[in-house]
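Trainee: I would like to learn how to read a few features of a protein model. Please give me the general idea each time, and then the case at hand.

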Amino acid sequence: MSLPNKKLLAVLAASGLVLTACSESEDSNQEAQNTDGRGEITFAMGKNDTDKLRPIIEKWNKEHPEEKVKLQELAGEADAQRDTLVQSLQAGSKDIDVMALDVVWTAQFAANGWLAPLTGELETKTDDLLPATVKSATYNNTLFALPQNTNGQLLYRNTDMVKEEPKNWNDVVEACKKVEGQDCLTTQLKQYEGLTVNTAGFMAGWGGGLTSEDATPTVTSKESQAGLQAMVDAYKDGTISSASTGATEEETNLSFTQGDTAMAINWPYMYENSEADGSAVKGKVEVSPLVGKDGVGVSTLGGYNNGINVNSEHKATALEFMEFITNEENQRSFAEASFPPVRSSIYDEADIQEKFPYMEALKVSLENAQPRPASPTYDALSKAVQDNAYAALTSGKSVEDATKDMEAAIRNTQG
């Protein structure tokens, strides 16, 4: 999950890239040039997750000795990864052929003309991939990347404290009334990208959302306001722990695995931590999809999309390598490494479900998930959401005022 990068946004704005994104997107349906080029390629990805890709690259290189893939590890920090890619692409460099993009970067890179659209000779099949992941790789009704791996949020609970699986948000509220002497539900409400994710989730879980399909802000709709109000009310009445406004994913992880909170919202990685030796909740952890007003809730997507540098001279090889990553064998290896795959069928395999008990719930979460807005100025949009949601949570700002100011700020980011 990418965190906001104020420095990069300023650089983009100063260089005119943000300002020109809207005009460049008008040409986003044009087919890429030199689509039949073949040869060795360079694949760039943040170093935190390259251990999952190295075996796949080795298999590819063994099968394609004339079209080997060279791995270029980027920094571990998401913002630093993007800085490197932006500087290379802005310079028109051909050094990187395929890049692993955080899902929220896809629209930004596509709008600036840096990605080869997957149309014409680069058209690829996505029928077997989770629909929400394909949507996250689409901008201006055009596929600009191929989903590589994904991520969805889950509701964790300590079964000693909350025995029954909540089926809707009211069930969570009622369960928390019975939890005494400690926190009930912890999630990420610190003023960073996690707050945007959770705000979007609550709004969508009540039938609203941040923006419509055509990028129109929808935060002032009655459904969106009801979702934000539910989050604010839950924070104020203690359903959501007071610690949540200082919590990132890792603080949430520690709180749950140390037994300090009865329930938590977090990504799948926390499951293995919860069941590890030394965890206070080992053997008493169950997971379910997020819940909303009337039933299954709406998770925000994480993960990577793989895009082809528009200047690459070996686009045909690049596309085939991206497709290779999404084949059943390689996607299964992702599942085995707790790196959620984008191929839907993997989640239904009995041995995968047995080894990773959260997989069934995760598939439901992903089937109901929504990508964050496909905006070339996503960072500024996210800041608008964070600033106003945080004020509603901590400073007494009314949900009506918070969403009105949120909408005005989002419109301002759109120019």
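Mentor: We start with how elements are named: helices (H or I, at least four residues) and strands (E, at least two) are DSSP runs, numbered from the N terminus. This is a predicted model, in which local features need pLDDT of at least 70, side-chain atom pairs count only at pLDDT 80 or more, and totals for chains, interfaces and linings use all residues. Residues are numbered from 1 along each chain as its sequence is written, and side-chain values use heavy atoms, with hydrogens and water left out.

Trainee: Where is Ala-215 found, and what is its phi?

Mentor: The general idea is that most residues other than glycine have a negative phi. Ala-215 sits in the loop between α8 (193-205) and α9, and its phi is positive, near 75 degrees. Its relative accessibility is 34%, so Ala-215 counts as partly exposed. Buried means under 20% relative accessible area, exposed over 50%, and partly exposed in between (1.4 Å probe, protein chains only).

Trainee: Which loop holds Asn-140?

Mentor: Asn-140 lies in the loop between β4 (138-139) and β5 (142-143). Asn-140 is not a glycine, yet has a positive phi of about 55 degrees. With a relative accessible area of 33%, Asn-140 is partly exposed.

Trainee: How do α8 and α9 cross?

Mentor: Two packed helices are described by the angle between their axes and the distance between the axes. Axes are lines fitted to C-alpha atoms, for helices over the stretch in contact, and angles run from 0 to 180 degrees between N-to-C directions. The axes of α8 and α9 cross at roughly 120 degrees and come within 7 Å. That angle makes α8 oblique to α9; under 35 degrees counts as roughly parallel, over 145 as roughly antiparallel, 65 to 115 as roughly perpendicular and the rest as oblique.

Trainee: Which residues of α8 and α9 meet?

Mentor: Contact means heavy atoms within 4.5 Å. Leu-195, Asn-198, Thr-199, Phe-202 and Met-203 in α8 meet residues of α9, including Gly-227, Leu-228 and Met-231. The residues of this contact of α8 with α9 comprise 6 nonpolar, 4 polar and 1 charged. Here Ala, Val, Leu, Ile, Met, Phe, Trp, Tyr, Cys and Pro count as nonpolar, Asp, Glu, Lys and Arg as charged, and the others, Gly among them, as polar.

Trainee: At what angle do α9 and α16 pack?

Mentor: Helix α9 (residues 222-237) and helix α16 (residues 378-394) pack at about 40 degrees, and their axes are 9 Å apart. That makes α9 oblique to α16. From α9, Leu-228, Met-231, Val-232, Tyr-235 and Lys-236 meet Ala-389, Ala-392 and Leu-393 in α16. The contact of α9 with α16 has 7 nonpolar residues, no polar ones and 1 charged.

Trainee: Is Arg-157 buried or exposed?

Mentor: Arg-157, in strand β7, has 3% relative accessibility and therefore counts as buried. A polar contact of 2.7 Å joins the side chains of Arg-157 and Glu-286. Such a contact is a pair of N or O atoms within 3.5 Å; within protein, one must be able to donate a hydrogen and the other to accept it, and residues adjacent in sequence count only if both atoms are side-chain atoms.

Trainee: Is Lys-167 buried or exposed?

Mentor: Lys-167 is exposed, with a relative accessible area of 52%. Lys-167 belongs to the loop between β7 and α7 (169-177). The C-alpha atoms of Lys-167 and Asp-294 are separated by 8.0 Å, though 127 residues apart along the chain.
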